Every structure is written in structure tokens, then in C-alpha cells.
Amino acid sequence: MQIENGVFVVTGGGSGLGAASARMLVEAGGRVVLADVNAQAGEALAAELGAAACFVRTDVTDADSAKAAIDAAVQRFGKLNGLVSCAGVAPAEKVVGREGPHRLESFARTVSINLIGTFNMLRLAADVMSKAEPDAGGERGVIVNTASVAAFDGQVGQAGYASSKAGVVGLTLPVARELSRFGIRVMTIAPGIMETPMLMGMPQEVQDSLGKMVPFPSRLGKPAEFAALVRHIVENAYLNGEVIRLDGAIRMAA
Ligand code: NAD
């Protein structure tokens, strides 16, 4: 799939990995709908990116809101070629502890945003893409989801988060297989520890020690490195149904 003249919806596009992906897509000649629940961040980035971007306040867990973001791509830019799903939350919660048992509402909210929200966007994007004209290679669209290494290597406090990301890993292959007949590819990136606002709240010494746990290059990952992988996935038609770890080979001890 060519990025130049392509139209992409990026969820979580106001911050971190989504913002870096949106920047990359616009720099490569694409147009982008920034879909984020955070209007301030999304509008600021849309203003910075100019006419090739617009912001639509979106809650990925809400069917109407998600549909409005997908529809905005067609209304504003005439078509939809790709979806990059980065919207997510990572609350830390223990199963038992001083605060009492892990709150069921919190577990459900994490799964709702990270897993059901990803699926919600994916099904709506695929519906539009499946009716589009294929490109010269028979491709109608590409979908890139974001999981996490927590799906394979969850830490204390990540029961909800790791479950939600394992769900994103799980949906990748069956959905890719189903959508293949429409010429739509589905890929998932499982990042390790990336330098984004999600992590930047941690004290510097914690960030430094996390970076040192990465065998190589012994630092946190950069949002631009995530965006570079998104670019590779979009442009490489032979990548389909796969989960790629982007983590410097980190394996966490329990
Ligand atoms: P971030 O907090 O910088 O960005 C997440 C964005 O998602 C925010 O702009 C937020 O407003 C948006 N969002 C949250 N709930 C939403 C909702 N219901 N609807 C629409 N938008 C919503 O975080 P990030 O680090 O850029 O994370 C992006 C994705 O990467 C997440 O799915 C996260 O779980 C995953 N991830 C991050 C890391 C990391 O180390 N930063 C590692 C592995 C996976």
C-alpha cells in the first residue's frame, strides 16, 4: 500500500506512538484523520500537520463515535486506505492489596478501550475498505493494531492490561484470514518500553533502569522507531496476520 496520497485513520493520534505514526504518514505524503478522546492534543497536532490532517474527537469504545472517525476519512479526504490503532490505556492495578481487590470496573474499562475499542475501529474500517477499489496489487486496505509485550510477559499490576493486549494478539490472525479475500491486511505491533507520555510519568531513575533491561540498544524505544515499523508494514504487501515485537529483545523477570 502506498502512503503517498493514501488516507489513514490513526486512533490515539494525539499522543505518543499514534502522534508519531500520524507525523510519519503526513511526511510520506498521506492524509490523516487523528481520532483521539483527548481533543486538546488532537487539535494541536492537526493544526501543526496542516491541510493533510484533521482531528475528530473519538471514543474508540463507542460505536457511533468510532463510525464518525471512519466516515470523516471518506467525507474529508474521499477514501480510506489504512487504520493505525494506537488508542490505549495502561492503569496499574494489583489483584489484592491495600486498596482492596482489583476493581472489576477498571479491568473491564481497560479491556473495553484496548481490546474492544481496537476491534470496534477495525470492523468499521474493514467495512468501508472492503467496498473500495483495489490498488494495482489487489490491495484494498491495511490495518495496524498495537498490542504490547505485556501480552506475553505481563508484570504484577498488569492483569487487565496484559489480558487486553493478549486479546489484540489473538484477533490478529483470524481477522487477517477473514479479510484476506477483500485484499485487506491486518498486522499487530507489540512494543516493548517506549518513550511516550504513557511512560514519561515515571521517575527518571525508573526509566533509566527500564532502559538498561533492554539487551540492545539498552534504552527505551522511540516513537519514531514505532512509526518506521508502521511505515514498513503499510508498504510491504507480504506482511499479513503477524505480530511483530518491537522491544530490543527485552524479557522481563517476574
Ligand atoms: P499515550 O498515552 O501517549 O497515547 C494514548 C492515546 O490514546 C492518548 O492520546 C489517549 O487520549 C488515547 N485514548 C485513550 N483512550 C481512548 C479512547 N477511549 N478513545 C480514543 N482515544 C483514546 O500512550 P502511547 O505510549 O502512545 O500508547 C499507544 C499504544 O501503544 C497503546 O495502546 C499502548 O497500550 C501501547 N503500548 C505502549 C507502550 C509504551 O511503552 N509506551 C508499550 C507497549 C504498548
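Analyst: Let us begin with charge: Lys and Arg count as positive and Asp and Glu as negative, while His and the chain ends are not counted, and the place of a charge is taken as NZ of Lys, CZ of Arg, CG of Asp or CD of Glu. By this count the protein chain has 23 positive and 25 negative side chains, and the centres of the two sets lie 2 Å apart. This is a predicted model, in which local features need pLDDT of at least 70 and side-chain atom pairs count only at pLDDT 80 or more, whereas totals for chains, interfaces and linings use all residues. Residues are numbered from 1 along each chain as its sequence is written, and side-chain values use heavy atoms, with hydrogens and water left out.

User: What radius of gyration does the protein chain have, and how does it relate to that of a compact globule?

Analyst: The radius is taken over C-alpha atoms, and the globule rule is 2.2 Å times the number of residues to the power 0.38. For 254 residues the rule gives a value near 18 Å, and the protein chain, at 18 Å, agrees with it. Along the principal axes, the C-alpha atoms fill a box of roughly 55 × 40 × 35 Å.

User: Which residues of helix α8 are buried, and which are exposed?

Analyst: Buried means under 20% relative accessible area, exposed over 50%, and partly exposed in between, using a 1.4 Å probe and protein chains only; helices (H or I, at least four residues) and strands (E, at least two) are DSSP runs, numbered from the N terminus. In α8, which spans residues 204-212, Gln207, Leu210 and Gly211 are buried. Seen down the helix axis, the buried residues of α8 fall within an arc of 100°, so they line one face; the arc is that of the directions from the axis to the C-beta atoms. Glu205 and Lys212 are exposed on the other side of α8. The buried residues of α8 pack against α7 (197-200), where contact means heavy atoms within 4.5 Å.

User: Where does Cys86 lie, and which residues does Cys86 touch?

Analyst: Cys86 lies in the loop between β4 (82-85) and α4 (104-129), and its relative accessible area of 16% makes it buried. Leaving out residues up to four places away in sequence, Cys86 touches Thr11, Gly12, Leu17, Gly18, Ser21, Thr146 and Phe226.

User: Is Asp62 buried or exposed, or in between?

Analyst: Asp62 counts as partly exposed, because its relative accessibility is 33%; Asp62 lies in the loop between β3 (53-57) and α3 (63-77).
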